[in-house]
Amino acid sequence: MTITVAGNKKDVAEGLTVAQLVIDENVETPQYVTVTINDEFVESGAFESTVLKDGAVVEFLYFMGGGQ
């Protein structure tokens with residue numbers, strides 16, 4: 001199946017979970033990453049049970065604090 005990850009199309013195996021995609025993509029500081037699938041946020045506790053579907057658009061987001 002084909003998904004889009006951070007704007008790049010990728011062929012991946014059926015049944016791929018968000019948790020495995022985070023590992024496969026070598027996501028930096030995975031404990032702090034937020035994931036969206038088709039612009040919907042995925043709870044971090046659901047990464048293991050969320051299976052990606054053909055055509056999914058996945059983004060990895062990091063929220064930064066700071067400022068004055």
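Predicted model: local features only at pLDDT ≥ 70, side-chain atom pairs only at ≥ 80, totals over all residues.
Is Asp39 buried or exposed? Asp39 is exposed, because its relative accessible area is 71%.

Let me start with the overall layout. The protein chain has 1 helix and 5 strands. Reading from the N terminus, the order of elements is β-β-α-β-β-β. The C-alpha atoms fill a box of roughly 45 × 25 × 20 Å along the principal axes. There are 68 residues in the protein chain, and 35% of them count as buried. As for contacts between residues at least 6 apart in sequence, 56% of them join residues at least 24 apart.

Which strands does E3 pair with? One is E5, residues 57-61, joined to E3 by 4 bridges and running antiparallel to it. Within that pairing, Ile37 has Val58 as its bridge partner. E4, residues 40-42, is also antiparallel to E3, and 3 bridges join the two. Here Val35 stands opposite Val42.

Take Thr36 as an example of a residue in E3. Thr36 counts as buried because its relative accessibility is 6%, and the cut-off for buried is under 20%. What is Thr36 in contact with, once neighbours within four places in sequence are set aside? The list is Phe41, Val57, Val58, Glu59 and Leu61.

Next, the turn. E3 and E4 form a hairpin with 2 residues between them. Asn38 in this turn has a positive phi of about 50°. Asp39, the residue I opened with, is found in the loop between E3 and E4. Asp39 also has a positive phi, about 70°, although it is not a glycine. For background, most residues other than glycine have a negative phi.

Another positive phi turns up at Asn26, at about 50°, and again the residue is not a glycine. Asn26 lies in the loop between H1 and E3. With a relative accessible area of 67%, Asn26 is exposed.

The largest nonpolar core has 19 residues. Ile3, Val35, Leu52 and Phe60 are the ones with the most contacts inside it. Which elements give two or more residues to this core? They are strand E1 (2-5), helix H1 (18-24), E3 and E5. H1 gives the most, with 4 residues.

Leu52 deserves a look of its own. Leaving aside neighbours within four places in sequence, Leu52 is in contact with Met1, Ile3, Leu16, Thr17, Val18, Leu21, Ile37 and Val58.

Now charges. How many salt bridges does the structure hold? It holds 1. The side chains of Glu25 and Lys10 meet in it, at 3.4 Å from N to O. Glu25 lies in the loop between H1 and E3, and Lys10 lies in strand E2 (residues 8-11), so the pair ties together parts that are 15 residues apart in sequence. Glu25 is partly exposed, at 28% relative accessibility. Lys10 is partly exposed too, with a relative accessible area of 28%. In general, side chains of opposite charge can pair when their charged atoms come close.

Last, the surface. Tyr32, Tyr62 and Met64 form a nonpolar patch there. Together they have about 410 Å² of accessible area. Met64 is found in the segment after E5. Met64 counts as exposed because its relative accessible area is 75%, and the cut-off for exposed is over 50%.

Technical notes:
Residues numbered from 1 in each chain as written. Heavy atoms only, no water. Pairing = 2+ DSSP bridges. Core = buried A, V, L, I, M, F, W, Y, C linked by side-chain atoms within 4.5 Å. Buried < 20%, exposed > 50% of the residue type's maximum accessible area, 1.4 Å probe, protein only. Contact = heavy atoms within 4.5 Å. Patch = residues over 30% accessible without salt bridge, like charges linked within 9 Å, V, L, I, M, F, W, Y side chains within 5 Å. Areas by Shrake-Rupley, 256 points an atom, 1.4 Å probe, with all protein chains shown as cover. Salt bridge = Lys/Arg side-chain N within 4 Å of Asp/Glu carboxyl O.
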